[in-house]
Amino acid sequence: MERNPPSNQEALAALREQMNAAVQAFATDKHPVGELLSLMVTDVERAMQEPLEIIPVCHHSPSSALHVAKRLHDKPPKVIFMELCEDLRGSLEGLRDCRLPVALQAFAQTADAFPKGWSPLSVVAPVSEFSAEFQAIAYALEHPETELVFVDRAVDFVFQWMPQKEGELERHLVKEEEHDQATPTAPGEEESSDVPDHGAAIGLQMGNVEPTFDAFLSFLLKNARVRHFSEWWDQYVEQAVLAADYATYRYVLSLVGSLLRRLGRKAEDHENDKRRERYMWTRMKEHLQKTGTAPSDAIYLCGAVHAVSDVEEFGTKTDAVWSIPARTPTKWLYGLIPSSYIAIEHQFQHPPGTIALAENTWDKGISALGIKSWKLNKNKPSVAAAATATASAVPAKSSKSKAAKVVSPPASSPSPSASPVAHPASALADSARVLGFLTKPPLLHSADEEQLLRWSVDIVALARDNGYLTSTADAIAIYQTSLLLANLRNRQHPSPYDFEDAAITCLEKDRQVKKRNIPKLCQMLLGGNRTGRVGYSALPPLAQDVYARLKPLGINLDASTIQRALIDFKKDPHLLACSDLLWMLHYLTAGHPVLRPIMGERKLGHVPVQESWDVSIGKYQESIIRLGYEGVSVEFVVEKRLKAECFGPTAKTVTALKAAEDSILFLKSERLTEELGSRAVDLLRNEMSAQDAPKVVERIRHLVHYYRATPGGLPSWLKDFVATGYSHYSMLLPRGFEDRGTRPSEVAGMLCFVFDFEPQALALGCQRSQLDIAIKQAGPVTTDPAKIGLLWASELLLKLRDIDSIRAFLDQTLDNPLMLPVFPEYVSGFLLALSFAPVIGRVVVELLSKAFARLPEEILYPWLPGLLMSLRPYAEDLLPRLLKDVNGLFPKDLKSLSKWQAPWDKKQSESPAAANSPGSGTTSTPSAGAVLSAEEQAVVDLLVAAPTTANCLAALLS
């Protein structure tokens with residue numbers, strides 16, 4: 001009688017026995033480890049029994065990429081299901097013309113369905129050559145007969161499934177900032193701010209296995225004697241499964257995924273994982289049913305945590321599906337942006353150098369194992385050519401590689417291409433190999449030894465080039481210290497982290513800052529940073545247009561270094577179009593180093609002669625690509641931005657005027673300028689505050705001066721603005737003088753507009769009576785000393801007050817000690833009045849001169865700080881006018897000083913003569929308002945009676 005083949009339960013029986021032995025040795029009643037280990041075996045068993053082959057992977061894992069590449073060589077599938085957002089699938093063809101790493105991106109400028117503080121929304125999924133997802137993508141794109149299907153939730157659900165709160169998105173991004181603060185820059189090193197980043201984007205990764213339960217993560221790192229989870233994964237999983245056979249790799253990754261799923265996830269993360277798994281299995285079942293593909297003809301690439309899912313919808317043996325909710329109306333745009341190793345580490349909070357180490361492991365595995373990686377050709381292959389390539393594709397075997405001989409599977413082992421569920425006997429053999437794998441050290445030992453020797457020699461040479469005093473003895477010390485650290489940390493072989501610690505210990509011999517520090521040199525040695533680039537054909541239309549229009553400059557726009565563009569418009573007038581484009585891009589990317597003008601400016605009425613630019617489009621390509629999400633041309637995006645400033649909910653008159661001015665500078669569109677200017681007039685009519693009046697005056701003054709020099713003169717919208725502003729600010733003046741919340745500078749701005757543009761306003765039909773009535777109404781209600789100065793200056797211009805009455809009041813102020821504390825405020829008001837009433841300048845000079853001449857020292861000195869503080873805000877604008885008046889009043893040289901008399905004193909020269917006339921009975925005093933004691937009066941009388949001595953002393957003192 002023929003014996004029945006062993007079942008899948010029997011296939012994993014040996015593994016269960018090993019687990020039970022571990023439970024009896026280490027577990028207690030208080031720690032139910034046995035139940036946990038049993039559940040882990042059950043999880044692995046469920047995943048292995050699924051007809052749809054599940055390949056557990058880890059994000060940017062070279063071992064995952066190697067095993068996926070080998071699996072695709074050995075047994076090409078008909079369908080590849082992948083754990084990536086299903087709506088990112090359409091961007092893959094652009095990868096043919098890209099230099100990795102790049103990132104798939106989904107972008108939404110606005111989203112009414114989500115909190116306003118979240119906009120704009122952005123999601124990125126970085127891709128590198130040594131990632132399992134790229135190997136599958138490259139294979140599917142080069143073999144059209146294999147269908148590639150993304151089955152994870154759409155990008156819209158990434159934000160739908162977040163708590164809909166204003167600060168929730170920032171909470172997801174704050175970890176990146178904390179990660180940057182936790183990895184400070186070494187002394188003497190500049191921060192890596194010149195590399196492409198992903199901005200404020202949510203990062204997606206296929207195969208996220210990092211624990212989110214902090215207690216479990218800290219326990220794991222402490223007991224493994226490592227600093228980061230990436231180091232733990234590389235040491236205990238990555239290097240261990242790198243040279244294992246395919247079936248063992250699947251078992252081990254599933255086992256680790258089960259452990260992390262059951263112990264390492266927070267409750268909310270676990271629920272989100274289940275929701276995504278229901279979504280993915282529903283999409284896979286829908287596709288299989290629609291196409292009629294058998295589950296055994298497809299593979300499913302997902303994270304190790306998702307491979308051992310226990311949701312109801314798991315597996316193709318059940319018809320259970322999930323009711324997928326509807327998407328929001330958000331309009332998503334898709335494309336590719338360049339990425340870098342540093343940007344990926346920043347996005348996912350990896351320690352510096354993690355991605356470079358992964359690339360190093362990938363190169364080592366490719367060389368030692370003889371596996372041929374999948375790459376993308378620039379030209380899309382036909383179905384017939386792809387079939388021929390598939391038939392002839394054979395993994396490269398290197399018989400000369402000793403490491404390849406070490407890792408060759410034994411003859412009794414089943415072919416790795418065979419599915420683990422094809423026969424129970426195969427599953428039993430796989431289980432036995434897993435047990436043997438878990439009890440033996442990792443392979444590739446000889447390759448690791450050679451690599452450590454090479455690192456030890458190269459780091460010494462690199463350190464010597466950067467100012468360190470090193471020798472061959474240091475290389476030997478680093479090698480031996482690496483082995484010592486590995487033994488202390490209970491490792492079979494030194495890891496790159498052990499090597500880095502050893503290099504720091506042996507080479508950092510003093511505290512003097514060198515050209516680069518040892519950690520930075522180790523990162524450079526182990527791979528450093530690599531920046532991706534999006535090819536021309538994969539760029540959005542706007543970016544392609546920018547590249548084509550800047551071609552006449554003759555610079556390399558793809559270079560990663562700064563390109564200097566020198567433009568001489570007299571010699572090359574045709575380059576004026578390039579200059580216009582550069583200024584528009586500079587406006588759109590304000591604050592970004594992608595474009596920096598070195599020489600030249602763009603302002604109203606300016607005719608450029610020469611310009612010089614620093615162009616870094618190749619280095620900061622993502623900034624130009626992001627503009628492509630806003631429109632198909634640069635001009636369209638500029639117009640869109642200008643209209644957003646004018647018609648947005650926070651638009652003000654000054655922002656509308658700025659937009660109108662920018663439209664003249666960048667677009668030269670009379671239609672657009674008319675539209676924006678009319679919007680500024682409407683906003684001015686509705687503004688009931690003078691807060692922006694000084695800025696409005698400045699903007700409108702520039703525009704009026706510019707249009708006066710044009711043949712057409714002032715446009716209709718600008719005339720309307722002048723007339724409206726004259727009436728509007730005249731109406732607001734009484735309230736501005738009375739309201740304490742309105743600052744004197746704002747009142748001065750309104751008065752400046754009214755008086756500066758009064759001729760144009762009167763010519764357009766405005767009445768000056770509006771201003772007369774406003775000033776008269778403001779008189780009785782004004783109590784602020786600074787505003788009183790503004791009011792009197794206005795009344796002086798309107799001939800409602802004469803200069804003598806102002807002088808009389810100021811003299812009384814100087815004579816009254818009680819009014820001296822507010823004296824600086826009067827000065828401030830008159831200084832502000834200089835902007836619209838230059839005639840008041842001599843009054844200010846007279847006021848200050850009298851103060852210095854007549855105030856006693858005990859009053860003058862304490863008052864000086866307040867005077868200086870009141871003058872400080874006007875150092876650039878008003879003080880030059882004041883100094884001009886001072887220069888016209890005071891003597892030009894020292895000889896004229898003895899005979900000089902202040903103009904305001906000449907008018908009072910007749911008063912002392914009349915007072916000393918016969919019969920008057922009074923004597924003159926040296927200065928009006930001064931009070932002298934009897935002794936002081938005697939001294940004055942003596943000097944007046946005998947002036948010879950005083951004159952001689954003055955001559956000696958020059």
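Q: Which residues in H34 meet which residues in H36?

A: In this predicted model, Ile803, Ile806, Arg807, Leu810, Asp811, Leu814 and Asp815 of H34 are in contact with Val843, Glu846, Leu847, Lys850, Ala851 and Arg854 of H36. Sorted by class, the contact of H34 with H36 has seven nonpolar, no polar and six charged residues.

Q: What makes H34 roughly parallel to H36?

A: Helix H34, residues 803-815, and helix H36, residues 841-854, pack at an angle of about 25°, and their axes are 11 Å apart. Angles under 35 degrees count as roughly parallel, and therefore H34 is described as roughly parallel to H36. The crossing of H34 and H36 is right-handed.

Q: Why is Lys799 called exposed?

A: The relative accessibility of Lys799 is 76%, and a residue counts as exposed when the value is over 50%, so Lys799 counts as exposed. Lys799 belongs to the loop between helix H33, residues 785-797, and H34, and its phi is near 60°, which is a positive value in a residue other than glycine.

Q: Why is Lys668 called exposed?

A: Lys668 has a relative accessible area of 56%, and because the cut-off for exposed is over 50%, Lys668 is exposed. Lys668 is located in the loop between helix H26, residues 653-667, and helix H27, residues 670-686, and, although Lys668 is not a glycine, its phi is positive, at about 55°.

Q: Why does Ser218 count as partly exposed?

A: Ser218 has 44% relative accessibility, and since buried means under 20% and exposed means over 50%, with partly exposed in between, Ser218 counts as partly exposed. Ser218 is a residue of helix H8, residues 214-224, and the C-alpha atoms of Ser218 and His228, which are 10 residues apart along the chain, are separated by 9.3 Å.

Q: How do you know that Ile459 is buried?

A: The relative accessible area of Ile459 is 0%, and buried means under 20%, so Ile459 is buried. Ile459 is part of helix H18, residues 445-465. Once its neighbours within four places in sequence are left aside, Ile459 is in contact with Ile478, Phe499, Ala503, Leu507, Leu521, Cys522 and Leu525. As for Cys522, its C-alpha atom is separated by 6.9 Å from that of Ile459, with the two residues 63 residues apart along the chain.

Q: What share of the residues of the protein count as buried?

A: Of the 958 residues, 50% count as buried. The protein has 42 helices and 13 strands, and, among contacts with a separation of 6 or more, 78% are between residues 24 or more positions apart.

Q: Why is strand S6 described as largely enclosed by the rest of the structure?

A: Strand S6 spans residues 147-152, and five of its six residues are buried, so S6 is largely enclosed by the rest of the structure.

Q: What makes S1 and S6 the edge strands of the sheet?

A: The sheet is open, with four strands in the order S1-S8-S2-S6 and parallel pairing. Strand S1, residues 53-57, and S6 each pair on one side only, and they are the edge strands. Neighbouring strands of this sheet are turned by 30° against each other on average, with direction ignored.

Q: Which strands does helix H4 touch?

A: Helix H4, residues 62-74, packs on the sheet and touches S1, S2 and strand S8, residues 298-303, while its direction makes about 155° with that of S1. Helix H5, residues 132-142, lies across S1, S2, S6 and S8 and runs at about 135° to S2.

Definitions and conventions:
Residues numbered from 1 in each chain as written. Predicted model: local features only at pLDDT ≥ 70, side-chain atom pairs only at ≥ 80, totals over all residues. Heavy atoms only, no water. Buried < 20%, exposed > 50% of the residue type's maximum accessible area, 1.4 Å probe, protein only. Helix = DSSP H or I, 4+ residues; strand = E, 2+ residues; numbered from the N terminus. Pairing = 2+ DSSP bridges. Axes fitted to C-alpha atoms, helices over the stretch in contact; angles between N-to-C directions. Contact = heavy atoms within 4.5 Å. Parallel < 35°, antiparallel > 145°, perpendicular 65-115°, else oblique. Left-handed = near helix turned anticlockwise from the far one by under 90°. Nonpolar A, V, L, I, M, F, W, Y, C, P; charged D, E, K, R; others polar.
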